[in-house]
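I opened the model today to look up a few points of fold and packing, and these are my entries.

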Amino acid sequence: MNQKNYAFRKKVKGVLMAGSLLITSALIGVNCSGFKATADGSGDFGSLGGADKEMQVGFLSSEQMLKSMISVAGVESLGDVATPDDSAIDMTYQQRAGSLPSVQNLTAATGPTLIAVTNLASTVCNKSVNNDIAAGSPTDRLFFQEVNFNAGLNQGAAAFVPGFERIARNAWRRDPTADEIGYIQGFASEFADGANLTDKEQARLLAVSICTSVLSSMDALTY
Amino acid sequence: MGLNKNVSTSAILAAMGMMVTSPAQALRNQDMSGNDSGAAAVYLFDENGGDTAFDTSGVAPALNLKVKTDGNLPTQDGTPILKNAQMMGNIIYVNPKPNGAETGDPMMADKGYESAQRHRTFLISADSSGTPVTADKLNSCSNGFTIQAFVRPYFPFQGNDSGNLIVGLSNSMANSNNPSAATSPVNFGLYQTGMAGAEAVQLQVRNAAGAVVSQTSVAGGFSSVRAADNPGRFTELIATMDAQGLMTVYVNRSARSSITPFNRGFLNSAHLVIGNDLIPLQNKLDNGQTVIDVSKQRNWSGEIAHLAIYCRSFTRAEILGAVALNKASSAVVKPAKTAVADTRIQARKMVERLTGGPIPVDHPMVVDVEAKLIAGDRVAAAKIVTGDAAAGLAGHPDFLNVVVKQLAAKMSNREETIRVPLNDMSAYFIGITRDERSAKELLTEDAYYMADTTKANVRSDMFNDLLLSNNHYEDLDNGHWDLGKVLVRKTGQQIATTMQGAYTPNPDPAGVLTSRAFMSAHAIAGTNRRLVEYAFREFMCVPMSEMADTSASPARIGRDIDRLPGGDAMKFETSCKGCHTVMDGFRGAFSHYDFASTAINNVTYNFVRNAQVSAKNTAFGFPNGTVDSNGVVRKMTHNEATFPNGFLITDDSFVNNAVGLANKSLFGWRGAQARGGFGVNQFGRMIADSTRFSQCMAKRVYETVCQTAQKSDSKVTPVVESLALKFEASGYKLRSLFQEAAANPACASGQGR
């Protein structure tokens with residue numbers, strides 16, 4: 001656990017959320033052109049798919065969302081709230097539960113809901129990335145195996161892409177497309193603009209942002 | 001009602017249902033068994049009188065605590081303050097009767113925390129002559145410490161917004177009467193914080209700058225009611241901090257943590273105190289007169305049964321032990337690099353439908369399910385996810401923790417929302433599914449499901465946490481316990497009867513129909529017609545409007561129903577009668593039941609009562625005028641002047657008026673109660689025996705798993721009819737029904753993204 005970083009994380013939380021929201025908005029809709037709720041909005045489930053096929057999908061309710069996020073992000077135990085990261089997840093969930101969906105209906109995907117989702121995703125990703133950093137060797141990491149977390153952003157955006165692909169595979173349950181990878185690379189490059197390239201905390205924040213954007217995108221919130 | 005002082009405190013704690021855990025290292029268990037080995041200071045409060053609580057740790061020098069009343073204020077009526085910290089029966093009572101006007105019994109009801117603030121009794125580390133001494137052996141614990149205390153506060157809110165000190169190493173000068181004296185934070189201390197309903201415990205620690213760094217427990221888990229209302233009830237508190245700054249507060253072993261790297265600034269001049277921080281009294285002007293300002297006092301009023309302080313931290317594993325394994329968890333999935341095959345996608349979809357959320361394609365369970373799908377055995381594939389007793393499969397925990405729970409949650413409340421805490425009705429569903437018992441038991445059995453208290457650290461007192469509140473189930477929910485692991489079936493539903501914690505068997509148990517959740521949703525106020533309406537709505541999937549039958553007999557329609565609404569008899573005959581003939585025919589089954597919400601001494605209790613066993617005019621019985629001489633709750637016979645010739649309920653008989661041509665076909669009545677019967681149990685039996693019940697369960701499960709557009713209509717498709725027949729053939733096993741639904745080709749074709 002990086003205590004110094006933990007204190008710093010609080011300060012940059014707003015920046016992190018804003019960044020994540022930006023990229024989330026870019027990813028929402030990717031590969032989801034047929035995305036729409038049931039016509040009368042009365043069904044509990046929405047419809048998702050291409051023009052040739054309607055498909056019943058469920059929008060995750062609040063509890064499903066929490067469990068799904070910790071599952072795909074490799075956060076092993078929801079009940080383990082005796083570490084700061086886990087307590088933060090639990091606390092964020094309690095604080096945001098009122099804004100998270102209470103029905104499995106795509107009409108519940110409102111602005112406030114998606115902001116709450118992003119907030120929850122960022123706390124889960126915080127734990128996930130910290131787990132990666134704490135892993136014994138890079139190959140023991142779940143996602144960001146190619147990132148040198150001590151090197152700041154000098155290592156370039158490409159080092160973060162494989163991590164994005166792994167998270168996406170878990171959360172979206174498919175491999176990301178070339179377009180989606182391009183978006184993330186673009187985001188990573190812009191993230192570095194103006195940042196202190198040697199600050200190792202920046203590398204961690206970028207990883208958290210990428211993870212957050214994946215976990216809070218529609219492909220991760222529907223099933 | 002106080003504690004029985006002839007019984008040891010540990011026996012009391014065990015009897016009241018506090019959980020027994022596997023022995024933790026050094027710390028006492030939650031029933032107070034075990035020992036305090038390694039503690040730097042231990043207080044048993046077994047002195048039975050006197051003014052000294054002796055440190056029994058054996059670690060020199062002993063840090064004894066003396067009762068002090070320095071600086072006490074007179075009561076407003078001038079009555080001298082008594083020395084209100086007393087040790088009796090292995091418990092210390094701190095400020096138990098703040099007003100002091102009543103003599104003797106410290107268990108007498110108090111006058112409120114404002115009085116407690118005026119009564120500054122506390123205990124302080126002192127020598128034999130009573131001179132305060134510093135707590136040197138604790139003041140040096142800046143690299144780690146732990147406090148374990150079993151406490152019972154008297155007030156939900158103790159009067160100070162910054163918290164009231166239970167125990168700590170206090171630095172302020174006491175009783176100086178110096179208004180300008182600076183206060184200084186405790187080295188470390190446990191405070192009660194939060195307002196009523198959100199009571200919490202806060203660990204406060206002093207940093208090098210002399211400021212407070214704190215960690216607060218999960219709100220609401222700290223039972224804080226007056227002794228008289230809450231007999232025998234203690235809360236276990238553990239607060240620990242390690243050398244890295246990880247602070248964790250456990251309330252009945254439910255944890256909350258934070259880490260803040262900081263340099264601790266412990267002063268070596270601190271005293272160990274119980275019951276009040278060492279805040280000096282201050283003068284203030286009040287309407288031109290100089291008076292003592294008590295508002296800054298941090299008095300704590302309550303009981304402590306045991307206290308141990310360690311000069312070391314404890315890890316989560318040491319505190320929670322094997323119980324932690326019963327928390328909900330998920331497999332960590334390392335993404336692979338191989339291409340995702342179509343069969344893997346199909347497998348993933350099936351797993352997701354049965355677990356209620358996204359599952360990584362590389363999850364080992366998805367791989368196993370894919371193998372079964374490739375082999376063409378869809379039911380076997382589903383069994384991997386749902387678990388199966390015969391096959392020895394545990395399944396995915398979220399099948400029970402999410403899918404079954406949400407299905408039941410929606411049926412357990414009037415709004416039919418899933419956003420409700422776990423309750424006894426949902427737990428019953430989960431248990432029945434896991435144990436592969438007949439779903440007909442849901443409406444007929446004298447049983448319930450609760451947590452095995454050796455497997456989950458939750459409030460579990462039958463009287464307080466199951467009958468008078470939903471605490472037990474909310475703790476399971478909030479603690480993220482794995483319900484499939486911790487729930488156990490218990491026989492014998494109970495009803496609370498007296499303030500002293502007594503309860504008696506429910507005379508007419510009927511599974512979830514007589515659960516606290518279902519009763520609280522539908523038996524509160526009203527005329528008990530809602531119980532009938534929702535029993536049919538939830539377990540027959542038929543709204544009242546669809547079962548209305550104006551051709552049926554009006555003989556059972558109550559006297560409170562106007563036969564000339566708006567002066568129009570036709571309206572009654574063509575509209576009102578249709579629903580009421582069916583509904584009123586059935587509602588007699590619930591004639592003895594009510595769900596009450598009663599405030600006693602400012603504490604609100606919500607409970608089921610039954611006129612057959614709940615005495616009249618008692619705390620948890622029926623106030624005068626709310627039940628008649630036949631034992632029928634008055635709300636079902638009132639407004640009798642509306643139509644005096646209407647039906648008067650005199651017993652719990654019910655008649656099935658839903659037997660017209662359309663309803664007969666709709667419900668498919670079968671069994672001994674098809675025409676009617678007596679009581680809720682037979683009413684539940686009537687529903688459970690019908691063909692419609694199995695169809696309704698099949699419809700709910702199919703729509704949950706397969707996510708066809710869920711409408712509120714009652715339409716049953718051929719697929720659902722087919723599943724219902726398989727459901728009955730399986731012995732009404734819900735787990736089997738889920739497997740069949742997920743395996744159904746019609747379901748697979750529509751499964752999500």
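**Ground rules.** I am working with a predicted model, in which local features need pLDDT of at least 70 and side-chain atom pairs count only at pLDDT 80 or more, while totals for chains, interfaces and linings use all residues. Residues are numbered from 1 along each chain as its sequence is written, and chains are lettered from A and ligands numbered from 1 in the order in which they are written.

**Chain B overall.** I looked up the secondary structure and found 22 helices and 26 strands, where helices (H or I, at least four residues) and strands (E, at least two) are DSSP runs numbered from the N terminus. Of the 753 residues in chain B, 57% are buried, a residue being buried if 20 or more other C-beta atoms, placed from the backbone, lie within 10 Å of its own. Among contacts in chain B with a separation of 6 or more, 66% are between residues 24 or more positions apart; a contact here means C-beta atoms, placed from the backbone, within 7 Å.

**The sheet.** I traced an open sheet of 8 strands in chain B with antiparallel pairing, in the order β2-β3-β6-β15-β8-β9-β10-β11. Strands β2 (52-53) and β11 (212-216) of chain B are at the edges with a single partner strand each, so one side of each has no neighbour in the sheet. Pairing requires that DSSP find at least two bridges between two strands; β3 (residues 65-68) and β6 (residues 122-125) of chain B are joined by 4 bridges, and B:Lys68 has B:Phe122 as its bridge partner in β6(B).

**The cores.** The largest nonpolar core has 195 residues, and B:Ala149 and B:Leu190 are among those with the most contacts inside it; such a core is a set of buried Ala, Val, Leu, Ile, Met, Phe, Trp, Tyr and Cys residues joined through C-beta atoms within 7 Å. Helix α8(B) gives the most to this core, with 9 residues. Apart from it I found another core of 53 residues, including A:Met69 and A:Cys125.

How values were computed. Buried ≥ 20, exposed ≤ 12 C-beta atoms within 10 Å, placed from the backbone. Contact = placed C-beta atoms within 7 Å.
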